[in-house]
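Colleague: I am new to this structure. Could you walk me through how to read it?
Modeller: Gladly. Have it open while we talk.

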Amino acid sequence: QGWLSRSTLRNASFGRGRAHAPCVPLCPGVMSADEFENSLAVRDGLIEIHMQGRQLDNIGAERWCKWAREGVQAFVRANAVHQRSDGFLIAREVNFSGNVLGDRGVHVILRTLYGLKIGARILKLFRNNLGRAAASALMDWLVVTPIPSFELHLSHNYIPREGAVDILKAVAYNTAYPPERPGRGKVPLWLRLEQNIVASPDELISAAEGQMNKIRSFGSSTAKTSGPMLCYLKDPSGNPCRSDFCILSKPDGHCPLAQVTYLANQRNTRIPVPKEAQEWNQRREQREEAARWRMSTAPSASMTPTSRQTVMSRPVEVLRHEAKAAPVAGADGSCAASDAGPSRRPSEASDSVPPP
């Protein structure tokens, strides 16, 4: 066997006298603390988390989160990362793309980020196994985190129509959107949801436009707007819009809340959905199920009065109005009476808006 290199001998497995391609590790996602620490970086005073392409599964996500609760804080202290007056850190980018994360894995990651008071300007979760439950967790994270995201990359997952609805609702509920991008002014959230399992995407955009407008119309005067809520990039060819520019955004004026890109490009519905993307319990009452995927059971005591009002009071005001006005349409088209009350959070009413 002297004709084989050491690296070949180290990485190849043998059978019947032939060398085969390296096998997938038996325990994907198992990483050391040193590897976790090497995933952190600082750029322009902002923290970055790079965990992409590491075969990280749900168990690996739990291990990373267990390490991060102390490891990230130690890294922040050692590198003098800037903290806002409310205690939150701005992450320039958080990247967990190209792994095998499921609903539970992303939920624990988002809860850990929220517990560490980290908001992500760019969040990349594409090419994983995310489904409805992960989208519900993202909805709550987008609402309760006071730092708005510039980009949210969710393509090549298994998010259904209801999940896309939850994410768009979060953007409408949170008055931090559209965010202010340095050197660019206000820009919409760059939202990539192609190659998921969103049914009737064109109809969803039309329905979401009206419902998001409705949500904003019940808010404070500063949140109201007269222009379109969404910029829909159905065909990228010839469209000047990009992640830091929207043709519908007007200087010192209206700006859409989100740019939804390439939504019409969805997966073949015959492709089986992995079990990691099927954690949402359809048999449970949907508001109770949504509560399972929250970031926390109550608003953080450390939230400022302004952020608390943004996260809680305004959405409750919207839901209370809707409860008086009409029954709520469920994701399956059925109607159920709404009982919105003072303790309700947007994620608990994930079937209320905006599916038609």
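Colleague: Which residues make a nonpolar surface patch of about 230 Å²?
Modeller: First, a caution: this is a predicted model. The patch is made by Phe-245, Ile-247 and Leu-248. Take Leu-248. It sits in the loop between β12 (230–233) and β13 (258–261). Leu-248 counts as partly exposed because its relative accessibility is 31%.

Colleague: What does the secondary structure of the chain come to?
Modeller: The chain has 9 helices and 15 strands. Of its 356 residues, 52% are buried. Now look at contacts between residues at least 6 apart in sequence: 80% of them join residues at least 24 apart.

Colleague: How many residues of α5 are buried?
Modeller: Buried means under 20% relative accessible area. In α5, 13 of 13 residues are buried. Helix α5 covers residues 132–144 and reaches 19 Å from first C-alpha to last, close to the expected 18 Å.

Colleague: How many salt bridges does the structure hold?
Modeller: The general idea: side chains of opposite charge can pair when their charged atoms come close. This structure holds 14 salt bridges. One of them pairs Arg-132 with Asp-166, with the closest N and O atoms 3.6 Å apart. That pair links distant parts of the chain: Arg-132 is in helix α5, Asp-166 is in helix α6 (residues 161–173), and they are 34 residues apart. Both Arg-132 and Asp-166 are buried.

Colleague: Why are Glu-289 and Arg-292 separated by about one helical turn?
Modeller: Start with the general rule: an α-helix has 3.6 residues a turn, so residues three or four places apart point the same way. Here, Glu-289 and Arg-292 are about one turn apart because they are 3 residues apart in helix α8 (residues 286–292). Their side chains meet in a salt bridge of 2.7 Å, N to O. Glu-289 is buried at 0% relative accessible area, whereas Arg-292 is partly exposed at 29%. As for networks, salt bridges with shared partners join Arg-132, Asp-166 and Lys-169 into one.

Colleague: Is Glu-194 buried or exposed?
Modeller: Glu-194 is buried, because its relative accessible area is 4%. Its salt-bridge partner is Arg-192, with the closest N and O atoms 2.3 Å apart. Arg-192 is partly exposed, at 25%.

Colleague: Where is the place of Asn-95?
Modeller: Asn-95 belongs to strand β5 (residues 89–95). Asn-95 counts as buried because its relative accessibility is 5%. Its side chain makes a polar contact of 3.4 Å with that of Glu-93. Beyond four places in sequence, Asn-95 touches Ile-49, His-50, Met-51, Gln-52 and Lys-124.

Terms used:
Residues numbered from 1 in each chain as written. Predicted model: local features only at pLDDT ≥ 70, side-chain atom pairs only at ≥ 80, totals over all residues. Heavy atoms only, no water. Helix = DSSP H or I, 4+ residues; strand = E, 2+ residues; numbered from the N terminus. Buried < 20%, exposed > 50% of the residue type's maximum accessible area, 1.4 Å probe, protein only. Contact = heavy atoms within 4.5 Å. Expected span 1.5 Å × (residues − 1). Polar contact = N/O pair within 3.5 Å; in protein donor to acceptor, adjacent residues only side chain to side chain. Patch = residues over 30% accessible without salt bridge, like charges linked within 9 Å, V, L, I, M, F, W, Y side chains within 5 Å. Areas by Shrake-Rupley, 256 points an atom, 1.4 Å probe, with all protein chains shown as cover. Salt bridge = Lys/Arg side-chain N within 4 Å of Asp/Glu carboxyl O.
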